[in-house]
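Here is a short tour for someone meeting this structure for the first time. Have a look at it, then read on.

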Amino acid sequence: MQSTRRTFGRKVLGAAMVLAFAGTVQAQETIKVGLLAALEGPFAAGGQDCMRGAELALLQKGGMAGGKKIQFIKGSSDASPDKAVNATRKLVEQDKVQIMIGPLSGDEGIAVKNYSKTQPNITFVNGSSGAQATTLLDPSTNFFRFHTEGAQWMVGLGEHALSKGYKKMYLISEDYGFPYSQVQGFMASYCAKGGRVVGKSWVPLGTKDYSSVIAKIPNDSIDALLVVLGGSDAVNFLTQYEQSGGDKPLVGGTITVDQTVLNFKGKRRESLVGTPSAGPMADSLDTPEWKKFVADYKANFKDGFPSPSLFAYLYYVSTRAALEGLDAVKGDLSGNQVKYREALQKLSFKGPAGDVRIDKNRNGIGTTFITEVVKNADGSLANKVIKTIPNITQTLGLPEAEFKKMGLGSRDVPNCP
Amino acid sequence: MNARAGSVGAQGTWAARGTLYPDVALSPSRGGRTAWNGWRAVRARHVLILAALLIYPWVATPFFTFQIGGQSLVLGLIALSLTFLAGYGGMVSLAQMTVAGIASYCIAIFSTSAATQISLGWPWWLGVLIAVSVATLLSTLIGWLSVRTEGIYTIMITLSVGVAFYYLCEQNYSVLNGHQGFHQVSTPVAFGVNWRDPIPYFYLALFCALTGYFFIKYLLRTPFGLALQGTRDNPRRMNALGFNVTAHRVASYSIAGVLAAVGGVLLAWYNGLVTPGTVNTGALINILIVAVLGGMRHPIGPFIGAIVFVLMQTFGIDLASQLMGDWARERFNLVIGMVFLLIVLFSPDGLLGWWSGLRARFGPQARSNRG
Amino acid sequence: MQSMTRTWRYALTLAIVIPLIAFAIWALDDNPKLFLRTLLNGITLAALYFVVASGFTLVFGLMRNVNLAHGSLYLAGAYVGWIVGDATGSWLMAVAAGFLVAALMGLLLQVLVFRFMPGQDLRQTMFTIGLSIVLADVMLWKFGGEIYQFDPPSIIYGKTPMLFLNTYPTYRLVMLATAIVIGCVLWWFLNRTRVGMMIRAGVDDRAMLAASGVNVQMVFAITFAIGAGLAGFGGVVGGTALSISPGEDTRYLLASLMVVIVGGMGSIVGAALGSLLVGLVEQIGLAYAPTYSIVFTFVIMVLVLAFRPQGILGRRT
């Protein structure tokens, strides 16, 4: 019994050492790029689409960038920050990737950004995580986010709601960072232009039965509902709201009425037709770049969604930016990647949904699309673009000092009851 | 069940015995060695293992030192607290990760983190002191609540305490900083050493793990440890003999609390962050997996379980694609789950049991031991 | 600890009941519609929890079998039910398929696995944890992360006029009726049929049941199939009221565990009481103190166990 310990310990140690040395040998003709997304946990389906988006960007370039072969090494998290950092550390320190793309969700992004400070020789490109703080508070010089974030995605929706005559609204939202950002993006301009959000229902994550949340809606004193829920939470809420006889018009967050919610496996919710929402992309965008993106996605991923999801789009943009940067420096990552980062900073290209470029904090300045749900000829629901708002900065169009005075979005910021 | 316990008992090494089923009567061979029998117990293999552990960080890459070595030691320490409670006290507590998480949160709150509006910025040693004290106190409280229950009910009450704490962390912003938790939890720079660097961190974790391991080994031979095992095997008889069963059980929760709390402090320093994800349902169950994987028959079990667990978590994604092709890259959880299922199915006592089973059949030493 | 004096117990009951009554009076005065609606929401949610948890309590009570894959059976029944419902266009077929598939899985589990590990609590727990990890990944693989929702016949969908409340979702009332019917059928089955009597005898004393010549393995297999089938049935019923997506397995497992532990294991009435408590606390919390609503449910469970370690209606074994 006692002796087993030694033998076992030795074996484990031996195996560990073999693995350790195996990891240090690598070829320099190819550039290794780490790819991290949540393939487990609540975002597993989204995580798979992230991978598709990233792979598509590489496929379009024939697997090469800057004259060198690109090799993806994939990692997975369960959308928790500790696991994201562990997986990133493994890719960077064990698999020796030179460029790191990921992660998927907000708090993971902040954690990976903090980790990036300990690895100054590696360049990190955010995958799809949309927390405001990642690049606004204590940014890291080697962490880039080429897409816009949660608050930017909602800019312009407030004005649109006002133009539809929704002067008083009631908020129903999940209770964590991403919806806080989304609500801030909406309310910043909505409140400033005279709209009122008379009450807020922050619903804890993990709540699935919304019936008592619905019972609390003050029907007599509001014009419309602002609903910032995602995935099955959104489906559950919409079904229950319909059954309980709710008839107020809805305004949705970026993921409230996206493809997964509109075309879930079940009866179509016709009552959703006309619901406005906003986001960095729109399924029915009518530009050649977008159409090519969708066609390529469909051609390459038979097991994918009917049309690329938000996650696929964001990872596509992030990966493509990383590869375009490599092209610009002809695959030269020497000098601790300083030249590569300068190229990334200057990078500007036309993505599937508008121009891609970054600000001095290395955060995307991009386009937001205001959409409304329409019914297609075949009965499926889709989002039609109503308005395009280009060049949205992270301070939501406000001067930096004024934005800082408001602070980052939270349960109580902004507030206009 | 009785037959198995009997045959192990016959081998004479009482430390190798351990069963989770409390209806096994005390057998006379258990009383055996009651005191730490000094340096004679130290054999060549102990020295070898210690030497290998000390040399390890100098031959392994920083990644293997920190992420595999450091993380295994810390997880092993937290799982050791469960092995102590479950294997020797008969109480399967799923709240051990919660206790560790409480210590992690205390470190973040009382020393420094990115959440400057909450973190008090006190010196690290004061933070550690508070973290370990608070976590131990709460562990005692959890123990006091749950020793009234038995078997599966203990698992459930500790699971619900754990899940309640998780949701509290998710929802409370004034003290626990909600969903985002605490980032950039600072690791101390003391005595001229940055304890976050791989090699110092490894030695720190190794020191704590070894201390915990030897403390538990020692404790099991003290009258307290023996009485605790008595309460596991037959609480009624122990009660009749004049032992205060409840007090022994609550006290063992306190002791387990200290181990888990130290593990929690180390975990916060390892991750550099504490978020609700650190204490969610999956994390609670992971500790049980680590303990069962290694085997609960000996305090070394959780450490072996932790090494295997950390290796699976880290390299499972590569292993899956190498074994079954690239399509399996996204199915690595399936592989991890299957490995786990196989171990549970074919080795009730975890890897330790597997190994000793093999040795009992083929090993020369086992034969001589038995004789 | 068990011998809490009568005075103490009364004091404790009063300490819990008086604030509850005070709250109810305040809430009725403040907004009676909201309060009544929340109560009804809690009761109908409890109905769903009861359907899922009654199967769990049967298995748990008879075999002391901690089937932590109960949530996976819920999800599997729902997915297969959805496929059948989609192919046949019939919601009732979906319900039947959900029940049958889960029952078959349960039967296989008992015959192939649990039969060989009797009395080994921890090993069963670990095995079912492992199984639920594997099943969750297989289902994610086959069904993706998409959201599935059942389409019930229009007669039970929509809203029903109600006194005081104007209207109330019809389906939730149907769910309540279903739970009551299942509760009654289970009661009849356990108390009035031969197999049911054997099961009850098994809950009380397994060894005695085996000694009296009953084929215990057969009783176990039947019980497991029914218990698992109820999980699959609940999957379709729940997937109609709410929706089905990865992660629902853990949610319903935790809910079932809470219901059964609070109510007392092996007791159908206990499961009903437990689900009422859990459902009401969840919905009242959501309406009146949403921030900590989920924390409350778990605190309730801790409190019940601290004072009644065997659950409200559980018996000491």
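A residue counts as buried if 20 or more other C-beta atoms, placed from the backbone, lie within 10 Å of its own. Strands are DSSP runs of E with at least two residues, helices are runs of H or I with at least four, and both are numbered from the N terminus. This is a predicted model, and local features need pLDDT of at least 70. Residues are numbered from 1 along each chain, and chains are lettered from A in the order in which they are written.

Let's start with strand β11 (residues 276-279) of chain A, which is covered on both faces. A:Pro276 and A:Ala278 are buried on one side, A:Ser277 and A:Gly279 on the other. Strand β14 (residues 364-375) of chain A runs antiparallel to β11(A), with four bridges joining them (DSSP must find at least two for strands to pair). A:Gly279 has A:Phe369 as its bridge partner in β14(A).

Next, chains A and C: 31 residues of chain A are in contact with 33 residues of chain C, contact being C-beta atoms within 7 Å. On the chain A side, α9(A) gives the largest share, seven residues.

|---|---|---|
| α6(B) | 152-171 | B:Tyr153, B:Ile157, B:Leu168 |
| α12(C) | 293-307 | C:Ile294, C:Phe298, C:Leu305 |

Their axes, lines fitted to C-alpha atoms over the stretch in contact, come within 8 Å and cross at roughly 150 degrees. That makes α6(B) roughly antiparallel to α12(C), a term for angles over 145 degrees.

Note on methods: Predicted model: local features only at pLDDT ≥ 70, side-chain atom pairs only at ≥ 80, totals over all residues. Buried ≥ 20, exposed ≤ 12 C-beta atoms within 10 Å, placed from the backbone. Contact = placed C-beta atoms within 7 Å. Axes fitted to C-alpha atoms, helices over the stretch in contact; angles between N-to-C directions. Parallel < 35°, antiparallel > 145°, perpendicular 65-115°, else oblique.
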